[in-house]
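Hello,

Please find the structure below. My notes on what turned up in it follow.

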Amino acid sequence: MSANFSHLCLTDEQQRMSGTNLEYNLQRYFYPALAIFGILGNVLNLTVLLNRSMRSRANSFLAVLAFADIIFLFLLFPNILANYSFFTFNWYFRWFYLHSKVHLISLANWCSSVAHWCVIAVCGDRLLGIQNPLYARATWRWWKLPLVTTIIVFTCGLLTCYQHFEYFCLVRSYCRETQLYSRCLPVNAEKWFGHRPNPFSQRYQSFIAICKLAHIFLMIILPIILLLFLNLTLLWALRKRQKHLSIGKDFNADRRQNDVHMQKTEHRVTLTVTFIVTMFTLTNGPSALVHLVMYATHEELYDLTMISSTLVICGKASNFILFCLGSKHFRLRLLKLTRKKINRKIDSITGSLVHTTKLSTASSRRTSMPIQEKKRSSSCAPLVAKNRALSTVETIYQPLLNGNRKGDF
């Protein structure tokens, strides 16, 4: 449904994409730096986590988490660009943005939900590894990890796909079709455009409401509760294991040394996981509360939503800092990979310079002595002809030729 209001022209203030000044300032000045930093940090995380020597179940889930966060941060850029004048008043960008904004938000929430359950998978795997050392050393069959990852991604996509249809956006043309303006309403809104009745059936509205409630509970509230429980259980299990190792003094020296090494490794990994889970809870908890309050009161808490969304983005951009602060092994591996890539780059540049120098030297030699080569070729021509003539009569007059050669010398 669209309309043409050619006789009306909108002001610059009316064409602004942001809802409030807080959103405008955050999207224009804070989000670009945050998104770029988060993307670069997660790319560095992937270079370490996907390294052959770092492959494990927990690191695989952390790699999926980093990949989901990268997509989430990339999906922020249309919203960021919409607050710059060059894009705000561009007709083609407005057409793309106004028709895709709802879908971009849905995809971003999908990636965020995948990240939630990947953190839960990491925390659960770490807890089972501490409670059962044999599980920590055992490896899954080749199909289990892709299956679990596929189930997480598919389930999260299924529970967030309703957001593609949660709002109906009306796009209108103004000022001789040189301006575009859009307004979106939820499908269960009581007041509709032009004071008309809501065109969607009551059954469809109830279905969207149930999907929204399921998403809030399964993708926001339940992950927060599970992470709090798993984090506390993880710390309790680690403390219990450390106490057990400190009591067992009757072990022999080799076993004692192995247990101490395992204890340090578990402590290091658990500390990293605890950092990630704690930051995830602190940055996503307010968003869960805001969504719950909005669902209960049916009110649009715009600025509170922006603040809670900003905390979520900060959490996704801070994973690189958490990895570096919480894991010495991660820092050393990152420095080693960086040094190796720099050395390869330097070797390739040096090799190309040496090759270019050799080519230029060879070409200068060829161009500086063309006359001498011609003289040599012309002086050698009679000898070549003579040799060819000798070769033709050599088989017949071999004794005579040998005698003449001796006489000449």
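**Surface patches**

Helix H9 (253–297) and helix H11 (319–326) each contribute at least two residues to the nonpolar patch. Helices here are DSSP runs of H or I with at least four residues, strands are runs of E with at least two, and both are numbered from the N terminus. This is a predicted model, in which local features need pLDDT of at least 70 and side-chain atom pairs count only at pLDDT 80 or more, while totals for chains, interfaces and linings use all residues. Residues are numbered from 1 along each chain as its sequence is written, and side-chain values use heavy atoms, with hydrogens and water left out.

The nonpolar patch covers about 430 Å² and consists of Phe-37, Leu-271, Phe-275, Ile-321 and Leu-325. Patch members have over 30% relative accessible area and no salt bridge; like charges are joined within 9 Å, and nonpolar side chains (Val, Leu, Ile, Met, Phe, Trp, Tyr) within 5 Å. Areas come from the Shrake-Rupley method with a 1.4 Å probe, and for residues only the protein chains shown count as cover. A salt bridge is a side-chain nitrogen of Lys or Arg within 4 Å of a carboxyl oxygen of Asp or Glu. Ile-321 belongs to helix H11 and is partly exposed, at a relative accessible area of 37%. On that scale, buried is under 20%, exposed is over 50%, and partly exposed is in between (1.4 Å probe, protein chains only).

A positive patch is made up of Lys-336, Lys-340, Lys-341 and Arg-344. Lys and Arg count as positive and Asp and Glu as negative, with His and the chain ends not counted; each charge is placed at NZ of Lys, CZ of Arg, CG of Asp or CD of Glu. Lys-340 sits in helix H12 (residues 328–368) and is partly exposed, with a relative accessible area of 38%.

**Positive phi**

Arg-176 is not a glycine, yet its phi is positive, about 55°. Arg-176 lies in the loop between strand S2 (167–174) and strand S3 (179–186) and is exposed, with a relative accessible area of 63%. His-195 also has a positive phi, near 60°. The loop between S3 and helix H8 (202–247) holds His-195, which is exposed at 81% relative accessible area.

**Whole chain**

The chain has 14 helices and three strands. Of its 409 residues, 37% are buried. The chain exposes about 25500 Å², with carbon and sulfur atoms supplying 65% of that area.

Regards
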